[in-house]
Amino acid sequence: MNSIWTNTISKPHFETLNKDGKTEVLIIGGGMAGMLCAYLLHQSGTPYVLVEADSIGSGITKNTTAKITAQHGLIYDRLIRSVGIEKARMYLDANLHAIEQYEKLCKELECDFEKKSSYVYSIKDKDKIVKEIRALDRINYKAEFRTQLPLPFSLAGAVQFENQAQFHPLMFIAQIAEGLNIYEHTMVKEIDGHKVITNHGTITADQIIVTTHFPIFNKRGSYFLKMYQHRSYVIALENAPNVDGMYVDEAMNGMSFRNYQNLLFIGGGDHRTGKEGGNYDELRCFAKRYYPLAKERYFWATQDCMTLDSIPYIGQYSKHTPNILVATGFNKWGMTNSMVSAMILVDMVLNRKNEYADVYSPSRSMLKPQLFINGWESMRGLISFKKRRCPHLGCALHWNRVEHTWDCSCHGSRFTKQGELIDNPAKKNAKV
């Protein structure tokens with residue numbers, strides 16, 4: 001089923017590329033990150049072109065829960081231990097700056113922008129919450145400890161961030177798209193130096209920005225090792241409470257909550273793409289138990305790129321591709337990370353120093369435990385005796401009984417029952 005965002009907005013349409021061209025900057029991918037890059041470049045007067053394989057906002061962006069927050073789970077305690085206090089503070093500052101930029105833009109737009117508090121809660125582990133608040137105190141951010149939330153279960157504690165936000169992402173995209181230089185239904189097939197080959201012509205660009213969710217070019221960057229994809233589910237309920245905030249469980253398999261208009265969103269049922277998890281069944285059982293009078297109005301699923309260290313990859317695609325930039329690996333926090341990406345990448349294009357860029361460098365160390373898990377999953381996918389294979393790197397495809405799709409557990413590509421491509425990094429249909 002379509003998300004509520006898709007069903008409540010009419011997006012503008014753009015022409016398909018029909019000739020060869022030349023530009024200073026080419027942006028590949030018309031999701032939130034790519035659109036914000038285009039918007040900021042347009043504002044700066046820099047010549048650019050954005051190409052999108054389908055239509056703007058038609059990929060992962062249309063399925064977000066659209067929380068604009070610097071609170072990305074219990075991340076700051078982990079960041080201090082893994083990258084140090086200075087970079088943890090830079091990560092926080094980058095995302096707080098992103099919220100400010102959204103608020104500034106949304107003052108001029110009709111996109112249901114609302115300021116809300118966000119909360120990360122733990123059902124059983126108070127110590128995790130206390131450690132996070134102490135970590136935030138070390139990087140000079142005042143967070144509040146809470147034990148009472150308007151959720152239908154008891155909890156050990158929660159961390160509250162004030163002055164975060166939520167909005168309608170496709171309404172936002174539709175309005176910032178006005179006047180931008182965009183080509184839709186223009187799929188990029190290959191990059192050859194400064195030439196980008198599409199299904200309708202070749203574009204020569206001084207610099208190239210790749211914002212395709214999962215990077216689709218395997219020759220550089222090792223993103224097929226540095227990331228995996230994670231699937232999660234959402235139901236939207238009518239006649240359910242207003243929880244007046246944005247809530248997420250610190251546990252990977254926990255639930256999230258937020259309202260939009262008269263609906264309550266419940267998210268969860270997570271699993272690695274290509275594996276099995278709780279999916280919609282888990283959410284519907286929860287709703288039946290705690291909100292028996294509620295009626296389900298919408299349901300949809302989304303997919304997220306997960307990095308080795310919970311920090312996105314934003315910057316130079318690889319050490320050997322100085323003219324190609326990338327934004328990927330948003331770890332379920334695509335709205336603020338999209339804005340951070342646009343700020344960093346546009347500064348790089350314009351040769352301006354960005355104070356946050358070092359934190360997000362795609363060339364940072366890969367020596368993390370998750371690397372070996374990703375390698376093991378890839379090896380299992382490659383040596384499997386299953387007949388159906390992903391055209392990305394040849395891993396076995398698994399049948400998703402809930403969504404009736406063929407999914408790859410190695411890198412997260414997904415295909416319809418007939419083999420038509422749904423989600424990248426694959427660039428063509430599968431033979432199923």
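**Close-up 1. The left-handed disulfide between Cys395 and Cys410.** With -95 degrees about the S-S bond, the link of Cys395 and Cys410 is left-handed, and the S to S distance in this predicted model is 2.3 Å. The structure holds 1 disulfide. Cys395 lies in the loop between α11 (369-383) and β18 (397-400), while Cys410 belongs to the loop between β19 (405-408) and β20 (414-415), so the pair ties together parts that are 15 residues apart in sequence.

**Close-up 2. The packing of helix α4 with helix α9.** Helix α4, which spans residues 85-106, packs with helix α9, residues 334-349, at an angle of about 95 degrees, and the two axes are 8 Å apart. Angles of 65 to 115 degrees count as roughly perpendicular, and α4 and α9 are therefore roughly perpendicular to each other. On the α4 side the contact is made by Tyr91, Ala94, Asn95, His97, Ala98, Ile99, Gln101, Tyr102 and Leu105, which meet Met335, Thr336, Asn337, Ser338, Met339, Val340 and Met343 of α9. By class, this contact of α4 with α9 comprises 10 nonpolar and 6 polar residues, with no charged residues.

**Close-up 3. The second largest pocket and its lining.** The volume of the second largest pocket is about 440 Å³. Its lining is formed by 21 residues, of which Glu190, Ile191, Phe217, Asn218 and Lys219 are the closest to the centre of the pocket. Strand β8, residues 188-192, gives the most to this lining, with 4 residues. Sorted by class, the lining of the second largest pocket has 8 nonpolar, 6 polar and 7 charged residues.

Close-up 4. Of cavities of 30 Å³ or more, the structure holds 2, and the largest cavity has a volume of about 40 Å³. The residues that line the largest cavity are Lys67, Thr69, Gln71, Ser118, Tyr119, Val120, Met246, Tyr247, Val248 and Trp333. At least two residues of this lining are supplied by each of β4 (114-122) and β12 (246-249). In terms of class, the lining of the largest cavity consists of 6 nonpolar, 3 polar and 1 charged residues.

**Close-up 5. The second largest cavity and the residues around it.** The second largest cavity holds about 30 Å³ of space, and its lining is made up of Phe214, Pro215, Phe217, Asn218, Arg220, Ser222, Tyr223, Phe224 and Tyr317. Phe217 and Asn218, which line this cavity, are also among the residues closest to the centre of the second largest pocket. By class, the lining of the second largest cavity has 6 nonpolar, 2 polar and 1 charged residues.

Definitions and conventions: Residues numbered from 1 in each chain as written. Predicted model: local features only at pLDDT ≥ 70, side-chain atom pairs only at ≥ 80, totals over all residues. Heavy atoms only, no water. Axes fitted to C-alpha atoms, helices over the stretch in contact; angles between N-to-C directions. Parallel < 35°, antiparallel > 145°, perpendicular 65-115°, else oblique. Contact = heavy atoms within 4.5 Å. Nonpolar A, V, L, I, M, F, W, Y, C, P; charged D, E, K, R; others polar. 1 Å grid on protein atoms, 1.4 Å probe; cavity = no way out; pocket = protein on both sides within 12 Å on 5 of 7 lines; lining within 4 Å. Points joined across faces, edges and corners; volume = space filled by probe spheres on them. Disulfide = S-S within 2.5 Å.
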